[in-house]
Amino acid sequence: MIDTLSAAQARRLALAAQGFTRSRPASVSTRHLHRVMDRLGVLQIDSVNVFARSHYLPMFSRLGSYDPALLDRVFHSRTSHYVEYLAHEATFIPVEDWPLWRFRMDDFRARWSGPDSWMSTNARTLEWVLDELRDRGPLRPADLRADAPRERGSWWDWDDVKLALEHLWRTGDVAISGRKGFERSYALAERVIPPEILSRDIPRADAIRELTRRAARSSGVATQSDLADYHRIRDRAAMSRSIADLVDAGELIPATVRGWERGGRPLASWRHRDAVLPRRIDAAALLTPFDPVVWFRDRALRAFELDYRIEIYVPAEKRRYGYYSLPVLVGDRIVARVDLKADRATSTLQVQSAWWEPQAKPADDAERVAAELALAASWQGLSEISVSGWGTAADDVHAALSARSDPSVVPARRHVHTREGSV
């Protein structure tokens, strides 16, 4: 039997799976952060800090305002329940999941173990870095710079030391033991991962099947490419076998979503058996570009009609929407995107641009977008909001902000963006 779903039902299934049917708590505790992680499974990390670093935003999207220091304590402490690995890109994962990624660590090791590989030609660098971590405990890359040994009369290339740490992390020989600011500290894996977890062996096929099951649970309904991208699994044959096994076990139910097509033919899809289909979604949220709702651009376009591209590396004069625009969710629709900048010197949240998406209902959505912007400013400790005139939603958003009677944020000001009138 195959489920037939409308596009709107698929969106609601996806958002419910991601935790957007729950009301935001009045006060956020560690319990709430763990609950969101149970939903997401992984939390992607990104260094861009023009508004707020990416890994803080999914919690804000789902829980509302909270103290970012709480997340730091939960995720960065030496006794954390979480550790970092390449479970999508660089992400936080539950520490007990470390053995699930042994197959990926082994793949990296096999790829880099040839006679002409970087690890082979830099074996002495790797050995020295491991010895330093063994003798001195957790170290930042900067801690190794001054003590790097001489090789053939000159200092080793500093990039080789940093690359050694990165390679050893990817192969699972070292783990990230914490961060100071945004700088990582590295340690031998056995000093970060509890021994009973580190010694656990999970065969490759079992690991990929479990990750497929989790991706399905976190997606609600998904295609094979959606499921594969959630944890960046490139082995298509293993993915196909995992899906077939989970269908046989009754955990995945074949589905067809109207409008999910390629070349005029419906895409094979699967719904997780525990996926809940709510009658409606009443959420509003700013989303990081690395939120699981939108991080796979094919799925974002197919499910939410969001044609999204990060424009950080696009020359300023060629940007269509702005440096780092955030999609805005209202209900079960992505209705807008806003390019935000936290100007700490003036305590101002600058809305550098604001754009309506084709599925927006500006008369209804402007106030919801304004409310999220006011909440975002308050969350970041900013006392003012300023809106440029760049973008189809800029005037509507400014008017809605100005009409608010929010005591925590003064009425919105206007500023001029250099791109105004040029697009």
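**Salt bridges and a helix**

Colleague: Let's begin with R302: is R302 buried or exposed?

Modeller: R302 counts as buried, at 16% relative accessibility. Buried here means under 20% relative accessible area, exposed over 50%, and partly exposed in between, using a 1.4 Å probe and protein chains only. Keep in mind that this is a predicted model: local features need pLDDT of at least 70, side-chain atom pairs count only at pLDDT 80 or more, and totals for chains, interfaces and linings use all residues. Residues are numbered from 1 along each chain as its sequence is written, and side-chain values use heavy atoms, with hydrogens and water left out.

Colleague: Which residue forms a salt bridge with R302?

Modeller: That's D226, and the closest N and O atoms are 2.9 Å apart. A salt bridge is a side-chain nitrogen of Lys or Arg within 4 Å of a carboxyl oxygen of Asp or Glu. R302 lies in helix α14 (residues 297-304) and D226 in helix α12 (residues 224-230), so the pair ties together parts 76 residues apart in sequence. Helices (H or I, at least four residues) and strands (E, at least two) are DSSP runs, numbered from the N terminus. D226 is buried too, with a relative accessible area of 3%.

Colleague: And what does E357 pair with?

Modeller: E357 has a salt bridge to R337, with 2.7 Å between the closest N and O atoms. E357 sits in the loop between β17 (348-356) and α15 (362-379) while R337 is in strand β16 (residues 333-343), so this pair ties together parts that are 20 residues apart in sequence. E357 is buried at 6% relative accessibility, and R337 is buried at 2%.

Colleague: How about D282 and R280, how far is it from N to O?

Modeller: Their side chains meet in a salt bridge at 3.7 Å. D282 is partly exposed at 46%, whereas R280 is exposed at 58%.

Colleague: How many salt bridges are in the whole structure?

Modeller: A search finds 29. There is also a network of salt bridges linking E84, E166, R170, R179 and R184.

Colleague: Changing topic: how many residues does helix α7 have?

Modeller: Helix α7 (residues 123-136) has 14 residues, and from first C-alpha to last it reaches 20 Å, close to the 20 Å expected at 1.5 Å a residue. The expected span is 1.5 Å times one less than the number of residues.

Colleague: Which residues in α7 are buried?

Modeller: T125, L126, W128, V129, L130, E132 and L133. Just after α7, G137 takes a positive phi of about 85°.
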